[in-house]
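Please read the following account alongside the sequence and the coordinates. It begins with the whole chain and then turns to single residues.

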Amino acid sequence: MQIYWTKINEIIEETPEVKTYLLDCPEDFTWEEGSHTHFALEGFNAGEKPNRSLIRHMSISTLPHENSIGITTRIKEQCSEFKTILRNLGVGDEVAIFKTHSNVPLKREDKNVYLLSSGVGLATFRPLVLDYFERADNVNQIHSLNIDSSKNFLFPTIFESAPDKKFTSQFVDNREDYYEEVKQLASDKNGLFYVVGSDEFLVQNIKVLRDQGVKPEQIMLDKREQSLSEFLSIDLLI
């Protein structure tokens, strides 16, 4: 396993609670849209065993041509040891990334694509939307639906409806409205549904989609193969 140590080159305050850490790209580091990586802080591998409290599984919110690896995360006032350390890091400080993989690349199958997310989950979808804007081949249209009660919506210049690009972006501030919208979207029996959020959020979305007749193969989750089958199994929904 290769561990890439790299430096923070910029910190962007997206909203009062959300920051994007832009990291220098190591020379041979590559990724694609929908990728996640293991993001670790100094000292995580100092002992015999990795200190898991200093490692997090994070989505990469940028595309390679942006020349920085973007890690977008919510840091609340009361937060974990990991987030407390991260909050105190600055430009020039070192972090590590390793085990990078994409579970949710943009599928180009001449279908409508629906991006369903909660809050900072939009960070996973930012590269997919940018990739679509740059090359819309074999994607009919994209609709993003995000639930965020804070009203501090992420990436407003990207997640803005653009009819000429066949892209619509929708924000709701409560679960009831959100799941009603999901039901409406699920009337598209050929659509592809990408879901990003907490495990509880994934389970609820899968249930709503499956109840509306959406097949498991139409649902894309940011999970590895083994976890994916567990989430999409019928048993989960009984």
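The side chain of Lys83 makes a polar contact with the side chain of Thr73, at 3.2 Å. That pair is taken up again below, after an outline of the whole protein. The model is a predicted one.

The protein has 11 strands and 5 helices. Along the principal axes, its C-alpha atoms fill a box of roughly 50 × 40 × 35 Å. The radius of gyration is 18 Å, and this agrees with the value near 18 Å that a compact globule of 238 residues would have. Of these 238 residues, 47% count as buried. The accessible surface comes to about 12,100 Å², and carbon and sulfur atoms account for 44% of that area.

Two further values describe the chain as a whole. Among contacts between residues at least 6 apart in sequence, 73% join residues at least 24 apart. As for charge, the protein carries 26 positive and 38 negative charges, and the mean positions of the two sets are 4 Å apart.

Now back to Lys83, which lies in helix α1, residues 81–87. Is this lysine buried or exposed? Lys83 counts as buried because its relative accessible area is 17%, under the 20% limit. Leaving aside neighbours within four places in sequence, Lys83 is in contact with Met58, Thr73, Arg74 and Ile75.

The next stop is strand β8, which covers residues 139–147 and includes Ser144. Ile142 is found in strand β8 too. With a relative accessible area of 1%, Ser144 is buried; Ile142, at 2%, also counts as buried. Which residues does Ser144 touch, not counting those up to four places away in sequence? They are Leu115, Leu122, Phe159, Phe167, Thr168, Ser169 and Gln170. For Ile142, with neighbours within four places left aside, the contacts are Leu106, Val113, Leu115, Tyr132, Lys166, Phe167 and Thr168. Leu115, Phe167 and Thr168 occur in both lists. Strand β9 spans 167–172, and the contacts of Ser144 include Phe167, Thr168, Ser169 and Gln170.

Between β8 and β9 runs a loop, and Lys151 has its place there. Lys151 is not a glycine, yet has a positive phi of about 70 degrees. Phe155 is found in the loop between β8 and β9 as well, and its phi is positive too, about 45 degrees, although Phe155 is not a glycine. At 7% relative accessibility, Phe155 counts as buried. Ala162 is another residue of the loop between β8 and β9. With a relative accessible area of 13%, Ala162 is buried.

Ile142 and Leu154 are 12 residues apart along the chain, and their C-alpha atoms are separated by 17 Å. For Ala162 and Phe133, 29 residues apart along the chain, the C-alpha separation is 9.9 Å.

Key: Residues are numbered from 1 along each chain as its sequence is written. This is a predicted model: local features need pLDDT of at least 70, side-chain atom pairs count only at pLDDT 80 or more; totals for chains, interfaces and linings use all residues. Side-chain values use heavy atoms; hydrogens and water are left out. Helices (H or I, at least four residues) and strands (E, at least two) are DSSP runs, numbered from the N terminus. Buried means under 20% relative accessible area, exposed over 50%, partly exposed in between (1.4 Å probe, protein chains only). Contact means heavy atoms within 4.5 Å. A polar contact is a pair of N or O atoms within 3.5 Å; within protein, one must be able to donate a hydrogen and the other to accept it, and residues adjacent in sequence count only if both atoms are side-chain atoms. The radius of gyration is taken over C-alpha atoms; the globule rule is 2.2 Å times the number of residues to the power 0.38. Accessible areas come from the Shrake-Rupley method with a 1.4 Å probe; for residues, only the protein chains shown count as cover. Lys and Arg count as positive and Asp and Glu as negative; His and the chain ends are not counted. The place of a charge is taken as NZ of Lys, CZ of Arg, CG of Asp or CD of Glu.
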